[in-house]
Amino acid sequence: MRDEVKRKFVYDFEEGDAAMTNLLGGKGANLAQMVRNGLRVPPGFIITTQACLSYLQEGEKLLEDIWPSIREALSRLEVKTGKKWGKGPFPLLVSVRSGAPVSMPGMMDTILNLGLNSETLPLLSHASQNERFAFDSYRRFIQMYAEVVKGLDSASFEEILAEVRAREKIQFDYEISTDGMRSVVSAFLAIYETKVGEPFPQDPWEQLRQAIAAVFRSWNSSRAITYRELNSIPHTLGTAVNVVSMVFGNLGEQCGTGVCFTRNPSNGCPDLYGEFLINAQGEDVVAGVRTPLPISELRYVMPDMHEELLGVAHSLENYYKDMQDVEFTIENRKLYILQTREGKRSAAAAVKIAHDMVKGRIINRQEALKRVTPRDAELLLHKQVPSDVHVSLLAEGLPASPGAGKGIITFTPDEAVRLTAEGQKVVLVRPETSPDDIHGLAVAEAVVTSRGGMTSHAAVVARGMGKPCVTGCESLSINIEQGILQKGDIVLSAGDFITVDGSYGRVLLGDVPLVDAQITAEFSEMLQWADNVASLQVWANADTPLDAKRAREFGAKGIGLCRTEHMFMSQERLPIMERMIVAESREKRLSDLELLKAMQKEDFRAIFTEMDGYPVIIRLLDPPLHEFLPKEGDIKKRILELPTDMEEKERLSREEELIDMLKKIESLKEVNPMMGFRGCRVGIIYPEIYEMQIRAILEAAIEAQKNGVTVIPEIMIPLVGISGEMEFFRHTVDRIAQEYYKSTGASIDYKVGSMIEVPRAILITEKIVLYADFFSFGTNDLTQAVFAYSRDDAESKFLGAYLEKELLTENPFHILDREGVGEMMHFCVDKARKTRQNISLGICGEHGGNPESIAFCHALGLDYVSCSPFRIPVARLAAAQAALGFTN
């Protein structure tokens with residue numbers, strides 16, 4: 001017998017526990033653990049993820065091999081339930097559900113009421129004393145089986161239900177009469193036979209076999225693959241199959257079903273949160289076909305069940321030490337727990353729950369830091385609709401996922417993808433969403449549905465993606481075919497602009513201005529915990545005093561990159577910069593440089609003041625000079641457009657100036673400017689430019705220090721590739737500093753270092769480090785140089801294809817390339833520290849805000865990462881998680 005068959009592929013719930021997630025899937029492992037914990041769970045068994053993977057390779061042969069074990073498990077199920085498979089007096093029905101090791105809500109397939117046929121239908125009717133319930137259960141089974149096993153579209157079945165509702169003049173399916181439901185079953189059976197080409201299967205064993213195979217196959221459905229790719233879930237996990245005896249929430253008014261969270265998944269408050277329906281099956285809640293009641297109403301409808309549910313929620317949360325997402329069914333005032341799993345939550349909720357659980361001594365600080373992902377940190381800066389702005393309310397619904405987003409209306413996921421690719425921002429508007437809409441949800445700015453509740457598919461997926469979402473907008477009439485959205489006299493079409501306020505459940509007309517969210521007190525405290533754990537400091541890339549102020553507020557411990565060239569781009573400074581570049585003599589250039597020095601000195605002084613006590617690394621001029629000059633075509637246009645009524649002398653003078661600029665532009669043209677006359681090479685040829693900047697820095701530092709500011713200036717020389725370049729500028733800075741010391745009597749503790757972005761600099765690290773107090777890796781240019789890629793050209797022309805063909809696993813400009821660029825950095829770090837043990841080492845490229853890259857920088861032993869101010873909370877959290885050996 002094969003090794004695979006020797007392994008155990010079928011487990012009763014009593015045989016498993018929560019530690020067996022990889023084998024039994026998350027759902028199965030949790031059901032098994034709840035049985036061990038003494039909770040009331042419908043009896044069942046699990047077919048393992050390994051069986052799924054074997055089936056996907058071998059097909060039906062696997063099912064033949066394990067079928068005896070499945071029959072034995074079902075026999076044990078008969079004993080536990082007191083019901084009979086395919087027989088009376090009360091027939092045993094089961095649900096067949098998927099359950100992957102990683103939660104994939106709505107992505108996999110489920111079949112309920114399996115085991116019903118023409119013989120067991122009257123038995124169920126008699127045993128339950130509810131004929132309508134029996135027919136309702138059968139029509140659900142037929143439709144689910146047809147969709148999941150045979151791949152039929154739901155539209156034909158929904159049309160039948162709509163016809164019966166219209167005939168009986170009712171609104172909801174649960175109001176259909178017994179005779180109406182009997183006609184629905186007959187019509188469903190006819191649809192199945194017509195579309196499949198054979199009658200609906202009557203043998204319960206064949207039903208079970210086909211359902212298990214279908215759930216296995218659903219692992220490789222397009223929507224499941226898309227979800228895994230969006231959430232970085234491995235394709236090699238497989239899904240378990242849970243075969244669970246049915247309990248019924250649709251037997252009557254003493255029955256119900258619902259979904260609840262042990263804490264509020266939107267804001268993290270410790271209140272039971274969720275929804276339920278009376279006389280319904282679980283799919284009715286999550287599918288959005290009926291708008292459910294809030295869970296708080298259960299205390300009035302069935303107070304004993306509400307009290308028991310509170311106890312279960314408390315028990316589950318204490319055991320799993322995390323907020324739980326719980327599915328339950330009430331059958332004749334008896335509560336059954338159908339599933340528990342870690343609940344999806346908003347970023348704000350993730351922070352509050354983790355923080356509160358530390359305060360409640362449920363988890364420690366390290367565990368709390370692991371619970372909040374860097375992505376959560378990003379989402380905490382989600383935009384919101386300001387409270388003081390006037391808005392035009394279109395509709396109100398349920399605040400299913402917080403934050404605010406806006407864009408043009410689109411009604412289909414395919415259209416959302418197309419429009420986004422064209423650069424449009426879209427809001428996806430649907431009656432309700434389904435797993436097949438995942439690609440549209442992924443690109444939309446926000447989501448609106450007219451049906452469904454807080455735990456519907458749209459709500460759960462949007463929260464997981466950080467998308468603002470409003471569900472249950474029942475006042476909206478959405479016509480997908482006509483492409484219109486109507487509320488009373490207001491009619492909107494595809495392409496009209498709306499704003500979605502997911503925090504308050506509002507859909508607003510037009511383009512509403514949004515504001516950034518504030519970091520909460522809980523998150524601020526958690527970031528302090530993160531700083532205490534991390535060995536990497538987080539600094540900021542900041543070019544203005546405002547940037548520096550914001551960086552300080554976000555917790556930056558320094559400025560790792562102040563790009564001085566950005567200070568020349570303002571409207572009043574650029575003309576002076578242009579004039580300096582085209583100057584014919586050094587004297588003229590010095591005159592303009594003196595003006596620029598005064599401006600830069602004020603900027604530096606303000607930045608030092610904002611960063612009082614923290615280091616500020618200022619990079620001297622880096623880009624090619626031609627970037628500060630107008631485009632050649634613009635100059636020619638200016639010449640042609642000189643006013644004809646201008647005085648001749650003035651006109652000729654102006655024309656001469658423009659022609660001189662044209663000549664300078666021509667002289668500065670380069671075949672490859674990013675590898676040409678830029679960085680320290682400009683400072684070598686025009687030393688007065690770099691000297692001006694050095695003087696501005698030192699003068700600003702001396703003035704700030706006199707005003708009581710603790711100043712720590714660090715001067716960075718860009719694009720060093722020759723040790724002589726570093727030596728030249730080291731001596732220049734030291735010479736100018738000594739001049740100021742003598743003239744002012746002041747003393748500044750400054751550093752001089754280099755940006756490491758040229759591969760040759762890495763190869764001669766031991767020479768350059770003799771003149772450098774710090775190195776800062778400029779990973780943007782270093783990546784370009786190591787790969788010989790022009791970033792803009794690569795990303796627009798071929799990087800996408802390389803990723804698609806898996807020649808590259810990640811875009812190296814987004815996630816630092818460890819194999820090539822990382823090895824170069826490793827080489828440089830080792831050689832630098834051997835020569836100068838106390839050298840400060842950091843990174844200031846865009847990778848400094850990327851969690852995976854931060855983890856590598858931690859492993860490399862760098863001192864700091866520098867990133868944009870709005871990435872600082874992300875980087876602080878990622879640095880802590882790297883220190884804890886945990887990455888999301």
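This tour moves through one predicted model, from the whole chain to single residues.

**The whole chain**

Start with everything selected: the C-alpha atoms fill a box of roughly 105 × 70 × 50 Å along the principal axes, and the secondary structure comes to 36 helices and 31 strands. Of the 888 residues, 55% count as buried, and of the contacts with a separation of 6 or more, 68% are between residues 24 or more positions apart. The chain exposes about 37200 Å², with carbon and sulfur atoms supplying 49% of that area. If you colour by charge, you will be looking at 98 positive and 124 negative charges, whose mean positions are 4 Å apart.

**The largest cavity**

Next, select Arg97, Met246, Val247, Thr329 and Leu338. The chain has four cavities of 30 Å³ or more, and the largest holds about 160 Å³ of space; of the 17 residues that line this largest cavity, the five you have selected are the closest to its centre.

Two backbone features can be visited from here. Pro89, in the loop between helix 4 (60-81) and strand 3, is joined to Gly88 by a cis peptide bond, with omega at about 10 degrees. Arg333, in the loop between strand 9 (324-330) and strand 10 (335-342), has a phi near 60 degrees, a positive value in a residue other than glycine, and with a relative accessible area of 32% Arg333 is partly exposed.

**Glu317 in helix 13**

Now select Glu317, which has its place in helix 13 (residues 303-320). Why does Glu317 count as buried? Its relative accessibility is 9%, and the cut-off for buried is under 20%. Show the surroundings and, leaving aside neighbours within four places in sequence, you will find Glu317 in contact with Thr262, Arg263, Asp322, Met323, Gln324 and Met357.

**Helix 22 and its cover**

Move on to helix 22 (residues 574-582), where the buried residues are Ile576, Met577, Glu578, Met580 and Ile581. What covers these residues includes helix 23 (586-610), helix 25 (648-668) and helix 27 (687-706).

From helix 27, step to Val711, which is placed in the loop between helix 27 and strand 27 (712-717) and, at 7% relative accessibility, counts as buried. Not counting residues up to four places away in sequence, Val711 touches Phe608, Ala701, Ala704 and Gln705.

Select Met674, Arg678, Asn780, Asp781 and Gln784, which lie nearest the centre of the second largest pocket among the 40 residues that line it. This pocket has a volume of about 1100 Å³. Which elements each supply at least two residues of its lining? They include strand 25 (559-563), helix 31 (779-787) and helix 32 (791-797), and helix 31 gives the most, with four residues.

**A last stop at Glu806**

Finish at Glu806, in the loop between helix 33 (799-804) and helix 34 (818-835). The phi of Glu806 is near 60 degrees, a positive value in a residue other than glycine, and at 65% relative accessibility Glu806 counts as exposed.

Note on methods. Residues numbered from 1 in each chain as written. Predicted model: local features only at pLDDT ≥ 70, side-chain atom pairs only at ≥ 80, totals over all residues. Heavy atoms only, no water. Buried < 20%, exposed > 50% of the residue type's maximum accessible area, 1.4 Å probe, protein only. Contact = heavy atoms within 4.5 Å. Areas by Shrake-Rupley, 256 points an atom, 1.4 Å probe, with all protein chains shown as cover. Lys, Arg positive; Asp, Glu negative; His and termini not counted. Charge placed at Lys NZ, Arg CZ, Asp CG, Glu CD. 1 Å grid on protein atoms, 1.4 Å probe; cavity = no way out; pocket = protein on both sides within 12 Å on 5 of 7 lines; lining within 4 Å. Points joined across faces, edges and corners; volume = space filled by probe spheres on them.
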